[in-house]
Amino acid sequence: MKKCLFVDCLIRGEESRTRELAEAFFEKLKDYDIEHLILEEEGLRPLTGDFFYERQELLEKNDLTHDRFRYAWQFKEADLIVIAAPFWDLSFPSLLKIYIENISVEGISFSSTEKGLKGLCKAENMIYLTTRGGIYGDNNPMDCATPYMKALGPFFGFDKVYCIAADGMDVWGYDSKGSLDKAKQEAKDLAKHL
Ligand SMILES: Cc1cc2nc3c(=O)[nH]c(=O)nc-3n(C[C@H](O)[C@H](O)[C@H](O)COP(=O)(O)O)c2cc1C
């Protein structure tokens, strides 16, 4: 069975609209075992102080077997990656950035070559699911999350990064339910075709 890693950065519990979007996606995803990684439960640490220097030493020794690299191995070995996170402060929650710091390990998830960075991850596709309070649409310079997520494709070696977003969750008078329903349908259609 193929493995799907669900990177869950859904901070607002059951009331999360992004969770609803993710649930719609998983309702239609077949033929995958889901590994559900709830970032809030992991006690992830940012790369600072001793935690940073320990990593540098391990990389210098090319010791990639240390337990702290387990997130990078798990990410590398998944057949499909799904990241769900709300839109916060024009981007995504810092918790997700801390996770990305932990999985970005040279020799595991990517390598540096003379021609630039090369992704080493197994998955062909990554899916990024989000909901936003305001209305941004596509290619809005105020949306710093989507371009970042798309850049993870070549960084980690995915052929395709799909981004599905529901806008206007917190705009008074906006059809936020309609917006979420449309994104949910898009997520279901995508899941059926993976
Ligand atoms: C800390 C925080 C920061 C936010 N920043 C933004 C923002 O920059 N732009 C925006 O449109 N909405 C922003 N919002 C609103 C959320 O994007 C919106 O409510 C989203 O649907 C939350 O997803 P959730 O229901 O899955 O938690 C923010 C909400 C919070 C709690």
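The legends below describe close-up views of a predicted model.

Residues are numbered from 1 along each chain as its sequence is written. Local features need pLDDT of at least 70, side-chain atom pairs count only at pLDDT 80 or more, and totals for chains, interfaces and linings use all residues, while side-chain values use heavy atoms, with hydrogens and water left out.

**View 1**

**View 1. Polar atoms facing the ligand oxygens.**
A polar backbone atom of Phe87 is 2.6 Å from an oxygen atom of the ligand. For Leu90, a polar backbone atom is 2.9 Å from a ligand oxygen. Asp170 uses its side chain: a polar atom there lies 2.6 Å from an oxygen of the ligand. On its own, the ligand has 640 Å² of accessible area, and the protein covers 78% of that. Areas come from the Shrake-Rupley method with a 1.4 Å probe; for residues, only the protein chains shown count as cover.

Most residues other than glycine have a negative phi. Leu90 has a positive phi of about 70°. Its place is the loop between strand S3 (80–84) and helix H4 (94–103). Helices (H or I, at least four residues) and strands (E, at least two) are DSSP runs, numbered from the N terminus. Leu90 is partly exposed, at 31% relative accessibility. Asp31 has a phi near 65°, also positive. Asp31 lies in the loop between H1 and strand S2 (32–38). At 56% relative accessibility, Asp31 is exposed. Buried means under 20% relative accessible area, exposed over 50%, and partly exposed in between (1.4 Å probe, protein chains only).

**View 2. Asp143 and its side-chain partners.**
Asp143 sits in the loop between strand S6 (125–131) and helix H5 (145–156). Asp143 is buried, at 6% relative accessible area. Its side chain makes a polar contact of 2.5 Å with that of Thr146. Another polar contact, of 3.2 Å, joins the side chains of Asp143 and Arg132. A polar contact is a pair of N or O atoms within 3.5 Å; within protein, one must be able to donate a hydrogen and the other to accept it, and residues adjacent in sequence count only if both atoms are side-chain atoms.

**View 3. Charges over rings.**
Arg132 also lies over the face of Phe87, 5.6 Å from the ring centre. The charged end of Lys160 sits over the ring of Tyr162, at 5.1 Å from its centre. The criterion is NZ of Lys or CZ of Arg within 6 Å of the ring centre and within 35 degrees of the ring normal.

**View 4. Aromatic pairs.**
The whole structure holds twelve aromatic pairs. One of them joins Phe25 and Phe26, edge-to-face, with 5.2 Å centre to centre and 85° between the planes. Both Phe25 and Phe26 are buried. Elsewhere, ring pairs link Tyr71, Phe75, Tyr99, Phe110, Phe155, Phe156 and Phe158 into a cluster. Rings of Phe, Tyr and Trp (its six-membered ring) pair if their centres lie within 6.5 Å; planes under 30 degrees apart count as stacked, over 60 as edge-to-face and the rest as tilted.
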